[in-house]
Amino acid sequence: MSVRPGIRAEDVFGVSWPDLTYDAVASTVMRQRESEPLVWEAKDHRVVSSDGAVSIRKAVSAFANSEDGGFVLIGVDEEGKKGAQTYTPVGAVFAKQECG
């Protein structure tokens, strides 16, 4: 059985993981003019509420169960109808620290 390497940051954002910056992510999502590709999922700033946690869990679980994985981008707003969406990185403010 061969092991697939999964999705790499280079394949999605054009730079390696250590060099991944806000600008690289923003550039990628702002160029996207269709539905999100299978390698990333945009979640807008509202996911930081208690209801949004369910949405994040679903996205993370879907990528965890896929062969290649993917990226969940929190703080990216989506506008427009299917096939003509625009994505804008707006950031997200978390009300409390969840980890560490």
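Trainee: Which residue of β4 is the bridge partner of Glu78?

Mentor: That partner is Tyr87. A second bridge in this predicted model joins Asp77 to Thr88 of β4.

Trainee: What makes β3 and β4 a pair of strands?

Mentor: Pairing needs at least two bridges, and 4 bridges join β3 to β4, so the two count as paired. They run antiparallel. Their hairpin has 6 residues between the strands, and there Gly80 takes a positive phi near 100 degrees.

Trainee: Where does Ala84 lie, and which residues does Ala84 touch beyond four places in sequence?

Mentor: Ala84 sits in the loop between β3 and β4. Ala84 touches Arg33 and Glu79, once residues up to four places away are left out. Gln32 is 52 residues from Ala84 in sequence, with 9.2 Å from C-alpha to C-alpha.

Trainee: Which side chains of β4 point to one face, and which to the other?

Mentor: Tyr87 and Pro89 point to one face and are buried.

Trainee: On to the helices. Why is Thr28 called buried?

Mentor: The cut-off for buried is under 20% relative accessible area. Thr28 has 8% relative accessibility, so Thr28 counts as buried. Thr28 belongs to helix α2, whose buried residues also include Ala24, Val25, Ala26 and Val29.

Trainee: What does the side chain of Thr28 reach, and at what distance?

Mentor: The Thr28 side chain reaches the backbone oxygen of Ala24 at 3.0 Å. A polar contact has its limit at 3.5 Å, so 3.0 Å is within that limit. Apart from neighbours within four places in sequence, Thr28 is in contact with Val12, Phe13 and Trp40.

Trainee: Which elements do the buried residues of α2 pack against?

Mentor: They pack against α1, β1, β2, β3 and β4.

Trainee: Now the rings. Why is the pair of Phe13 and Phe71 called edge-to-face?

Mentor: The structure holds 3 aromatic pairs. For Phe13 and Phe71, the ring centres are 5.1 Å apart and the planes stand at 70 degrees. Centres within 6.5 Å make a pair, and planes over 60 degrees apart count as edge-to-face, so this pair is edge-to-face. The pair links distant parts of the chain, with Phe13 in helix α1 and Phe71 in strand β2, 58 residues apart.

Trainee: What makes the pair of Trp17 and Phe71 stacked?

Mentor: Here the centres are 6.1 Å apart, with 25 degrees between the planes. Stacked asks for under 30 degrees, so the pair of Trp17 and Phe71 is stacked. Trp17 lies in the loop between α1 and α2 and Phe71 in strand β2, so the pair ties together parts that are 54 residues apart in sequence. Ring pairs link Phe13, Trp17 and Phe71 into a cluster.

Trainee: How do you know whether Trp17 and Phe71 are buried or exposed?

Mentor: Exposed means over 50%, and Trp17 has a relative accessible area of 58%, so Trp17 is exposed. Phe71 has 14%, which is under the 20% cut-off, so Phe71 is buried. Leaving out neighbours within four places in sequence, Phe71 is in contact with residues including Ile7, Arg8, Val39 and Phe63.

Trainee: Which residues make up the largest nonpolar core?

Mentor: That core has 11 residues: Ala9, Val12, Phe13, Val25, Val29, Trp40, Ala42, Phe71, Leu73, Val76 and Tyr87. At least two residues come from each of α1, α2, β1 and β2. Helix α1 gives the most, with 3 residues. In soluble globular proteins, nonpolar side chains tend to be buried together.

Trainee: What pattern do the elements follow along the sequence?

Mentor: The 3 helices and 4 strands follow the pattern α-α-β-α-β-β-β. Of the 100 residues, 29% are buried.

Trainee: Where is confidence lowest, and where is it highest?

Mentor: Confidence is lowest in helix α3, at a mean of 77, and highest in β4, at 86. For the protein, the mean pLDDT is 76, and 78% of the residues reach 70 or more.

Note on methods:
Residues are numbered from 1 along each chain as its sequence is written. This is a predicted model: local features need pLDDT of at least 70, side-chain atom pairs count only at pLDDT 80 or more; totals for chains, interfaces and linings use all residues. Side-chain values use heavy atoms; hydrogens and water are left out. Buried means under 20% relative accessible area, exposed over 50%, partly exposed in between (1.4 Å probe, protein chains only). Contact means heavy atoms within 4.5 Å. pLDDT is the predictor's confidence in each residue, from 0 to 100. A polar contact is a pair of N or O atoms within 3.5 Å; within protein, one must be able to donate a hydrogen and the other to accept it, and residues adjacent in sequence count only if both atoms are side-chain atoms. Rings of Phe, Tyr and Trp (its six-membered ring) pair if their centres lie within 6.5 Å; planes under 30 degrees apart count as stacked, over 60 as edge-to-face and the rest as tilted. A nonpolar core is a set of buried Ala, Val, Leu, Ile, Met, Phe, Trp, Tyr and Cys residues joined through side-chain atoms within 4.5 Å.
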